[in-house]
Amino acid sequence: MTTAADPAAPPPGLGRRFAAFLYEGVLLFGVVFFAGLLYSILTRQQHALQGRTGMGVVIFLVVGLYFVGFWTRTGQTLAMKTWHLRVVDSRGRPLGLVRGVMRYLLSWLWFLPALLSARLLGLHSGGAIVGCLIAGVLAYLLVARLHPQRQFLHDAICGSRVITQLPQPS
């Protein structure tokens, strides 16, 4: 049984949350790889450009199921568990399904402004797009530094927050 967390507890440091973010990317590589492989097999995809939109939608949904599933069940993805982080609502309770889906959709704010900027600037090389993404992620981290409770924009909008969740002694 999950108890409510202290809503007044200070948030974990941005460095630890960013480390969990990077580790999450490593774990998601495997999730995305197998989702893409399964999609390619089931649709008999013969060429990488064939079915790109469908694969993008499937991967978006699979990644959403991964995050929302973990956030609504335990409040922790595998990376968050490793870094002793947990996501809760503003009252310190586990996220409900609607708030979990909203948090997932809003978490794309990490990337969408940077990708939109790259497109509007007409940048097409991989290096330029990666540079925009890195600048966008760093700007998103900076915005969290400006928030009074050091929360990310998507958490502030949807009423969730990341807290420290130390392992329970056995």
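This is a predicted model: local features need pLDDT of at least 70, side-chain atom pairs count only at pLDDT 80 or more; totals for chains, interfaces and linings use all residues.
1. A helix here is a DSSP run of H or I with at least four residues, and a strand is a run of E with at least two, both numbered from the N terminus. By that count, the protein has 7 helices and 2 strands.

2. Residues are numbered from 1 along each chain as its sequence is written, and side-chain values use heavy atoms, with hydrogens and water left out.

3. Now the overall dimensions: the C-alpha trace spans about 50 × 35 × 25 Å along its principal axes. Of the 170 residues, 34% are buried (under 20% relative accessible area, with a 1.4 Å probe and protein chains only).

4. Next, contacts, meaning heavy atoms within 4.5 Å. Take those between residues at least 6 apart in sequence: 70% of them join residues at least 24 apart.

5. Here is a helix pair to find on your screen. The axes (lines fitted to C-alpha atoms over the stretch in contact, with angles from 0 to 180 degrees between N-to-C directions) of α1, residues 14–42, and α6, residues 126–146, come within 11 Å and cross at roughly 145°. On the α1 side, Leu14, Phe18 and Phe21 make the contact; on the α6 side, Val137, Leu141, Ala144 and Arg145 do.

Technical notes: Buried means under 20% relative accessible area, exposed over 50%, partly exposed in between (1.4 Å probe, protein chains only).
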